[in-house]
Amino acid sequence: MNYLYIYVIGALICPVVASQRGYYGIGWVIYSLLLWPLALLHLLVLPKNRAAIERRELDSGEFVRCPHCAEVIKLGAKVCRLCGREVAEELAPARAYREFERRVEEAQEPNISPGP
Ligand SMILES: [Zn+2]
């Protein structure tokens with residue numbers, strides 16, 4: 001019975017590890033459910049999917065590309081952590097736009113009214 005718990009916990013943790021390493025999709029969930037020890041080993045051997053991780057960060061709206069080195073940095077950064085150049089002024093329009101988007105989202109939420 002204990003082996004079943006270990007197997008279930010592993011099968012639940014493995015897709016989380018996969019998404020943190022930039023591998024998404026139902027394929028990884030099925031792979032983990034069927035053979036999670038092998039899937040986990042597979043994830044440790046595979047390089048991180050940096051393109052997918054960057055895409056997820058950029059889609060979140062909390063990250064942008066540095067205007068100098070094009071690496072992904074936090075929207076609130078004043079200095080790029082990778083090239084060391086100041087980015088506060090260049091990122092000000094992006095920060096203002098993100099703030100505008102956030103306010104629009106906030107304003108839309110209370111409009112969900114119950115039916116008559
Ligand atoms: Zn940079």
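Predicted model: local features only at pLDDT ≥ 70, side-chain atom pairs only at ≥ 80, totals over all residues.
Residues are numbered from 1 along each chain as its sequence is written.

Back to Ser-32, which is found in helix H2. Helices are DSSP runs of H or I with at least four residues, numbered from the N terminus. Is Ser-32 buried or exposed? Ser-32 is buried, because 24 other C-beta atoms lie within 10 Å; the cut-off for buried is 20 or more, and exposed means 12 or fewer.

Next, the largest nonpolar core. Seven residues make it up: Cys-14, Ala-18, Tyr-23, Tyr-31, Trp-36, Ala-39 and Leu-43. Such a core is a set of buried Ala, Val, Leu, Ile, Met, Phe, Trp, Tyr and Cys residues joined through C-beta atoms within 7 Å. Helix H1 (2-20) and helix H2 (26-45) each give two or more residues to this core, and H2 gives the most, with four. Apart from this core lies another of five residues, including Val-64, Ile-73, Cys-80 and Val-87.

Last, the domains. An automatic or database assignment sets the bounds, and the chain is divided into domain 1 (2-45) and domain 2 (50-111). Taken over C-alpha atoms, their centres are separated by 31 Å.
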